[in-house]
Amino acid sequence: MSEHILFLTGKLAEKQARQVLEKMQPDFDYTVHQLGVKVAALMTAEMIGRRLKDTFGADRIIVPGRCRGDLEQLSQQLGLPVERGPEEIKDLPQFFGQAAQHIDLSQYSVKIFAEITDAPNISIEEVLERAFYYQKNGADVIDIGCLPGTKFPHLEECIQTLKQEGFQVSIDSLESDDLLRGGKAGADYMLSLSEKTLWIADEVETTPILIPETHGDLSTLDKSVETLQKNNKAFIVDPILDPIHFGFTESIVRNYQFRQRYPDIEMMMGVGNLTELTHADTTGMNALLLGICSELNIGHILATEVSQHARRAIREADKARRIMHAASQMNTLPKHIDPSLMTVHDIAPFPYSFQEIKSLAAEIRDPSYRIQTSEEGIHIFNRDGLHTASDPFELFPKLGVENDGGHAFYLGVELARAEISWQLGKRFTQDQTLDWGCASDHNEATIDLHSFKPAGSTLKK
């Protein structure tokens, strides 16, 4: 016997909910019931508890995504599971597809080394603050970068302080003295050793990261690999990822060739050579590079946040490694797994066509303005009519808010958000901040739906 789901909605959305569900042809039975409220987003758990007298034999209830209140308490009251659906009715097919997959993003197979590149020039307190920030964004190892020709008197204290705080630490230098000091201070890893400096690995317990003695020549790694394997010493190999136009494609091939020669050796990729040295958004670069790591079983990356445009690189790498791991485990494409890396665009930016918006506008009987976007532009409407433009300044003279500063300010903010969304191809939802994925700390997706959001200026009128 198939599951029976009760969908609760408002008067304006009832027809569309039926159309979407009919088109879905779901493998469950369903009932659509409008609760006597015009706008579905204004529905609350308390209201449902008061008004819903018949559950129509349902096994569970789906309420609008923006329904406020405690659904667990409502479930106990009704004796049925109650859960929030998507914010837009048009997203019901994706909602049920995602719910069926139950994708777990808690697992990953790549360890992130986050480098503090200017450690010699900052205090231990600043190093510690940066380390906690990187850890919060997903870093597994804090990499202490040394600068050529720069004294680093507090190197040992930096490493020891980080270790006392529970961090895994690596020391990053091409100077033998720095690596020895770091290893003796308790660093877990050291970057980078070559055949000529391999002797350092015998002096300390630190795990070395190996690089070719001659840049680009994998054969100069063979002797070092053989020596460390013979001594039963753990190590990681970094064939070196080069910047674009300075050997990038060849370095990708080199990583592939090394993996073919050594299927089981631990590898590292320095992704910062791409994210830092390419002036383009870093989310896509991280997705692509972590995808390569997933295919080649590269279990460590070295990431940096030096350039201002790469200020979210650690967090992006963390999201990318989880998405790629999940896709690999499910043997699927890295699509429809998690939207965190979709920072500038959205998969379905315009859920409603202009014709559907016009149909909705024709049903409005109150003076409150609604704002939506479609492929055709920005639409604002109330009982007095529908206006469409691609520039919000064209709309202002038609809104009649010249003498209402608060309302004009509110509409200005919302129309600006709508314009940005329309231009970029992002999803716009009135009264909600734009969702920038992992590129921002301020997405409203983290709000508590048990609480009630104060009414905006439109609603207050």
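This is a predicted model: local features need pLDDT of at least 70, side-chain atom pairs count only at pLDDT 80 or more; totals for chains, interfaces and linings use all residues.
Biologist: What makes Val 225 buried or exposed?

Modeller: Buried means under 20% relative accessible area, exposed means over 50%, and partly exposed is in between, using a 1.4 Å probe and protein chains only. Val 225 has a relative accessible area of 1%, so it counts as buried. This residue lies in helix H9 (residues 219–230). Helices here are DSSP runs of H or I with at least four residues, strands are runs of E with at least two, and both are numbered from the N terminus.

Biologist: Which residues is Val 225 in contact with, leaving aside its neighbours within four places in sequence?

Modeller: Contact means heavy atoms within 4.5 Å, and on that basis Val 225 is in contact with Leu 210, Phe 235, Val 237, Tyr 262 and Ile 265. Val 237 is 12 residues along the chain from Val 225, with 8.5 Å between their C-alpha atoms.

Biologist: Why is Gln 25 called exposed?

Modeller: Its relative accessibility is 69%, and the cut-off is over 50%, so Gln 25 counts as exposed. You'll find Gln 25 in the loop between H1 and S2. Its phi is near 50°, a positive value in a residue other than glycine.

Biologist: Where else is there a positive phi in a residue that is not a glycine?

Modeller: Ile 240 has one, at about 80°, and sits in the loop between strand S10 (236–237) and helix H10 (248–261).

Biologist: How do you know how much of H13 is enclosed by the rest of the structure?

Modeller: Of its 18 residues, 14 are buried, so H13 is largely enclosed by the rest of the structure. Helix H13 covers residues 313–330 and reaches 26 Å from its first C-alpha to its last, close to the expected 26 Å. That expected span is 1.5 Å times one less than the number of residues.

Biologist: What makes strand S6 mostly covered?

Modeller: Five of the five residues in S6 (residues 141–145) are buried. Val 141, Asp 143 and Gly 145 point one way, while Ile 142 and Ile 144 point the other way.

Biologist: How do you know that S5 and S6 pair?

Modeller: Two strands pair if DSSP finds at least two bridges between them. Strand S5 (residues 111–116) and S6 have four bridges and run parallel, so they pass that test. Phe 113 stands opposite Val 141 in S6.

Biologist: Why do S2 and S4 count as edge strands?

Modeller: Strand S2 (29–34) and strand S4 (82–84) each have a single partner strand, so one side of each is left without a neighbour in the sheet. Their open sheet has four strands in the order S2-S1-S3-S4, with parallel pairing. Within this sheet, strand S1 (residues 4–9) and strand S3 (residues 60–63) share three bridges, and Leu 6 has Ile 61 in S3 as its bridge partner.

Biologist: What is the order in the sheet that includes S14?

Modeller: That open sheet runs S13-S14-S15, with antiparallel pairing. Strand S13 (370–374) and strand S15 (385–389) have a single partner strand each, so both stand at the edges. Strand S14 (residues 377–382) and S15 have five bridges, so they count as a pair.

Biologist: What makes the crossing of H6 and H7 right-handed or left-handed?

Modeller: A crossing is left-handed if the near helix is turned anticlockwise from the far one by less than a right angle, and right-handed if clockwise. The crossing of H6 and H7 is right-handed. The axes of helix H6 (residues 155–164) and helix H7 (residues 176–184) come within 9 Å and cross at roughly 35°. Those axes are lines fitted to C-alpha atoms, for helices over the stretch in contact, and angles run from 0 to 180 degrees between N-to-C directions.

How values were computed. Residues are numbered from 1 along each chain as its sequence is written. Side-chain values use heavy atoms; hydrogens and water are left out.
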